[in-house]
Amino acid sequence: MTKTGFPDARVLGQDVPRLEDAKLIRGQGRFVDDIAPPGLLHAAFLRSPHAHAAITAIDTSQALALPGVHAVHTLDDLAPHLADTRLVVAMPSPSYRLDLHRPVLARHEVVHVGEPIACVIADSRYIAEDAAALIEVEYDILPVVTDCEAALQDGAPTAHRNAASNLVAEMTIAYGAVEDAFATAAHRVHEKLWIHRGGSHSMECRGLVAIPDPVEDRLTVWSSTQMPHAARRLLCDIIGLHERQLRVVTPDLGGGFGPKLIFYPEDVVITLAARLLARPVKWIEDRREHFISTTQERDQAWDVEMATDAEGRIQAVRGVLIHDHGAWTARGVNVPQGAVSAMPLAYVVPAFRMQIRAAATNKVPVTPVRGAGQPQGVFAMERLLDAAARAIGIDRAEIRRRNLVPADRMPYETPIRTRGGLPVTLDSGDYPACQAMTLQGADWAGFEARRATARAAGRYRGIGLANYVEATGRGPFEHVSIRIEPSGRIFVATGAAAMGQGTATMLAQIVAEQLGADMSNVVVTTGDTEAAPTGLGGSNSRQAVMAGSSAHAAATRLRDRVLDIAGELMEVAPADLEIVGRAVQLKGVPQMRRTLAEIARAVAGQAGFVLPGQSGPGLAAAEELVIDAMTYANGTAVAEVEIDIETGEIAVAHLVFGHDCGRAMHPRLVEGQLMGGIAHGLGNALFEFMAYDDTAQPLTTTLAEYLLMTATEMPRVTILHMESPSPLNALGIKGVGEAGVIPIGAAVASAIDDALSDFAIKIDRLPISPVDLLARLDQAVGG
Amino acid sequence: MTQHHSITLHLNGTAHAVSVEPRHTLVDVIREGCGATGTHTGCEHGVCGSCTVLLDGEPIRACLMFAIQADGRQIRTVEGLAHGTILHRLQQAFIDHHALQCGYCTPGFLMLAAGLLEADPNISDDALQDGLSANLCRCTGYVNILRAVRAVAAELRA
């Protein structure tokens, strides 16, 4: 049996079968595109072909005349029905210098390729696309901003013609005497880094089906959103509905990875179109649209320095991060803020000052993708540590060991604040032990023999490492309610939204643990505003921590209630009872029992009759447990690579990932999350690149051009576990959904440096392609 | 473009008489015309393989073929894998090895794997990995998909 942090548990900590699989494996999942109510109409969007242009005229008459077309909506058509023609969604921050709220549809100016301008509603998607091609838009082309560093230089054109500059936001995260530390430091190292991350590329693109109900004057919107409650609130606000008039449901989601937490123009247009036409309307994003309209992460330019003492102890870190924000503020400044906040976390850093400057560009808006800036912050920190190790002449693992936050200083309060102003306090963990475990698993000490063997065969082998600490479980709460109905079945409803990670299984485990341990007796509803009154949904590796904690608290309370009522019915002390399967029984006397169904019926009430006992009606409990502080997971990645210096091919020979996410409720799901994240991290390190030309035209708009990892690129991966239970929640858990991706780029870069140390090549950008590497090799040998 | 043609798709052994335009893709007609929504579209560029079905036993991208080209031919989709309550051994192996997370790419992978194993029950490990690299998955990192299919391949060889 897998090692578990829940030694006395019946289902928690066990690799129980996933509740999700039975339907999905038969192709009976219900993804948003599978929903096809009678009378369904289909939508297609006309999108800007230009990165920056003024719109001088829009003529929809030919499109409207096409048979099968029911409506063509521009902003002018929709504006009378909207409380606001913009999506005002930016999270609060004092750092903003420009307000860049997306329009529902572009009307006078387009600022990135793919920005929606008009929407056609027709009998079929085929006809809708035919009609969209018949819409005539007149553009005056405007200068474009393609590069975030150039965007902030004097005299740069502006991404928005009426903006004073491209500086969207600026902030400085700082503490300690940085200048003094640099003035007196024994060693100073400096890195200029350029880090690219691409899109999320869930296999399912975005989509929604809006179904009006004229009888009840309300709408049901099936949306591939990670945040259905937020979507309902925003849709209600902008369309002018109250909460009972709009239900937002997330059906099975074909992956999320971040961008599906964003609220999009299409959400408003499709919902309103269904209301105006009094017909169900579906829009399913295609992959090309996903490349040019779904939010992405992208470029960051880091100019950073580290000061250390003679032994390599970090004295201070300082620098500037220029962040490509894209054309609009679709979420906030959380990606660069998260990147900088993640930078020092694993280490004792006495003084720190990082300036963030977010630049508007004529590209798709940037919002979190799995990792949410943290891979970039870790890359910057780890590159500096490698540089410092070289400068001082000590081993790369040793310099990290000397600087990792030691276990005896936990909980370790840093001077950094979260985006909500709360102190960042590392709650638990033994980072040096985790690094040591990982180094041992990777046979770091024995590497030189492998290097020599490879060199004898003409191959350049290198090893590298990186540490990370990830902020997980962002609060303040998640809603979970549990009801045991007279059928005896246990119904769980939550504001958490499943994206494919096994959220229903995880919650059912927690609930079943307290209420009979029969997984098949638990029915979980996620992501439905009708089922849960409130919810914050999926982001920040939060759902196991937040929804899990509420589920545990509610289930524990409900268990006590079940036992109290059963005790009254059976005339025994509740302490002598236990729930086994679908019944409460006397410990040691299993024939003395009452089924959950009987107990639920007993307190379901009957008009005019007194309830039994003192316990009051119903078997239900709901929790919105507030946990403001985030819990911090950590880990170490060691990558071993082999490089063919003739072709520039970089082959990852072995990747060892040692991590600590507290107690693992389902070890197999934890490994699945990590493995997917590791693949994503390898993609970011070596393959994924969202390319634009110098007119900000995207060059990678198919998956044949934008390279995702495939089965043949996946290296041998070893995952090692530690368990430092978080003291912040009763289950001792930490989030794990994003961890895998975070240290991979940094570890691979470190390994490439090491492999090519003969050539003194230092990786200063991600991704690293064979072409880039050959150019560096040519440069190094003077070729 | 809008002229309709009557064709018959033999889907998992059932004949579906459908009326299609020449431009209608096979995947759209399988999903909307035949109501078999287990086959998914992930890119419609023929790259991701989410729409993989077996056409006369061969794994093909249903987004790259027009339905009219499949007139009269035998098509197998994920809905045809299980026999009643008995899962196909690939389906069971995917569950046993946690080879699916969101499940969106899963039907395509199942059909791809079924096609590979049916064409060559003695397929080598390398050839299997190479064949499975035709499809994309964003959730799993492929390791468990490979484990699942290799486990079935080993059963077939045994």
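A word on conventions. Residues are numbered from 1 along each chain as its sequence is written, and chains are lettered from A and ligands numbered from 1 in the order in which they are written. Because the model is predicted, local features need pLDDT of at least 70 and side-chain atom pairs count only at pLDDT 80 or more, while totals for chains, interfaces and linings use all residues; side-chain values use heavy atoms, with hydrogens and water left out.

Let me turn to the interface of the two chains. Here 50 residues of chain B are in contact with 48 residues of chain A, contact meaning heavy atoms within 4.5 Å. The size of an interface is often given as the accessible area lost when the parts come together. Chain B and chain A bury about 3900 Å² between them, with carbon and sulfur atoms giving 58% of it; buried area is the accessible area, taken with a 1.4 Å probe, that two parts lose on being put together, summed over both.

Which residue of chain A forms a salt bridge with B:Arg23? The partner is A:Asp130, and the closest N and O atoms are 2.7 Å apart.

On the side of chain B that touches chain A, the elements giving two or more residues are helix 1 (26–33), helix 2 (89–96), helix 3 (106–119), helix 4 (125–132) and helix 5 (143–157) of chain B. Helices (H or I, at least four residues) and strands (E, at least two) are DSSP runs, numbered from the N terminus. Helix 2 of chain B supplies the largest share of that side, four residues.

Within chain B, domain 1 spans 5–79 and domain 2 spans 89–157, with bounds from an automatic or database domain assignment. Their C-alpha centres lie 21 Å apart. Between these domains about 1200 Å² is buried, 57% of it from carbon and sulfur atoms. B:His40, B:Thr52 and B:Val78 supply 35% of the area that domain 1 of chain B buries against domain 2 of chain B, more than any other three residues. The rule finds one salt bridge across this interface. The side chains of B:Arg76 and B:Glu118 meet in a salt bridge, at 2.9 Å from N to O.

Finally, two residues of chain A. A:His654 lies in strand 29 (residues 650–660) of chain A, and A:Thr718 in strand 30 (residues 716–722) of chain A. Is A:His654 buried or exposed? A:His654 counts as buried because its relative accessibility is 8%, whereas A:Thr718, at 24%, counts as partly exposed; buried means under 20% relative accessible area, exposed over 50%, and partly exposed in between, using a 1.4 Å probe and protein chains only. The side chain of A:His654 also makes a polar contact with the side chain of A:Arg716, at 3.2 Å. Not counting residues up to four places away in sequence, A:Thr718 touches A:His654, A:Leu655, A:Val656 and A:Phe657.

Methods:
Salt bridge = Lys/Arg side-chain N within 4 Å of Asp/Glu carboxyl O. Polar contact = N/O pair within 3.5 Å; in protein donor to acceptor, adjacent residues only side chain to side chain.
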